[in-house]
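I opened this notebook page to record what I looked up, entry by entry, with the cut-offs written beside each term.

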Amino acid sequence: MFSDDYRYYLWKTIHIFVYIVQQIIRSYNGIKTNIQYSFNKSTKSDKIQIDECKQLCDKIPKHIVLILGERQLDFSSISNFIFWASLADIKCISIYDYTGAFLAKRQRFLKYLETEKNLFYDPSTKNIGHGSVVYKNGVQHSMSLNILDPRQSKFQMSELCKGIARSGEPTHQLNVNSIDRIMSESEQYVSDPELGLYFDDVCCTYGLLPWQLRLTEFFHVQFYSTINVTHFLDALCSYSKCEQRFGK
């Protein structure tokens, strides 16, 4: 039988080996993606690539949520996702940071979005985390933008329970449709996202919208150093090919 010390060092060696292999694979995928992007960038604009992708996809999500976990994204990467989503005619995009730090930097980010991407944020009168993004010239369509944090998710569920209690509706008559109706009447309401993008190695929702994630497909965005439009296109293609769970 092996001693405890031997098993410990054997386990540590295997762990280090697996970690090194993971880093090599991640680096390879990142370099490969950046090379592909550099090649396409020299011949095609982001809009052309997205238009071509839309023609090949059977379906495009109406609502995308970016889940900011341990691996945080900079303003440039987040604004790029918003810009690409607008080019893909996606109607809604949400940004969720479980730490709540992004909500504190909201004004700086919106200024960056307007300066770098020519996108103007029109805040909602109901909640500071909700509004619409439009091009400054006002010609192209608007897109809803939600900035979420865990407190909002908990508050929404709390308000839902209070609404059910005030309505006096018998609990045995509650079902998915009735809860959806009550939630949709809330000022805090956020529609169900069809596609969730996460950037950590492990898929974790960090308490994001527990009710609305019933049909969400999650896609891991792997990147080496920078995020480019290829990552966004891969997510759209993966979503188009997937079979919706519909609660299964």
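Entry 1, ground rules. I am working with a predicted model, in which local features need pLDDT of at least 70 and side-chain atom pairs count only at pLDDT 80 or more, while totals for chains, interfaces and linings use all residues. Residues are numbered from 1 along each chain as its sequence is written, and side-chain values use heavy atoms, with hydrogens and water left out.

I looked up the secondary structure and found eight helices and seven strands in the protein chain, where helices (H or I, at least four residues) and strands (E, at least two) are DSSP runs numbered from the N terminus. Of its 248 residues, 41% count as buried, a word I use for under 20% relative accessible area, with exposed for over 50% and partly exposed in between (1.4 Å probe, protein chains only). The chain exposes about 14200 Å², of which carbon and sulfur atoms supply 57%; these areas come from the Shrake-Rupley method with a 1.4 Å probe. Among contacts (heavy atoms within 4.5 Å) between residues at least 6 apart in sequence, 69% join residues at least 24 apart.

I searched for disulfides, taken as pairs of cysteine sulfur atoms within 2.5 Å, and the count came to zero. I then checked Cys53, whose closest cysteine sulfur, in Cys237, lies 3.7 Å from its own, too far for a bond. Cys53 counts as buried, at 6% relative accessibility.

How many salt bridges does the structure hold? I found two, using the rule that a side-chain nitrogen of Lys or Arg must be within 4 Å of a carboxyl oxygen of Asp or Glu.

Lys47 pairs with Asp51, and the closest N and O atoms are 3.0 Å apart. Both residues sit in helix H2 (residues 46-56), four residues apart, so about one helical turn separates them. I noted Lys47 as partly exposed at 45% relative accessible area, and Asp51 as partly exposed at 27%.

Lys54 and Asp89 meet through their side chains in a salt bridge with an N to O distance of 2.8 Å. This pair links distant parts of the chain, 35 residues apart, with Lys54 in helix H2 and Asp89 in the loop between helix H3 (75-87) and strand E2 (92-97). Lys54 is partly exposed at 24% relative accessible area, and Asp89 is partly exposed at 40%.
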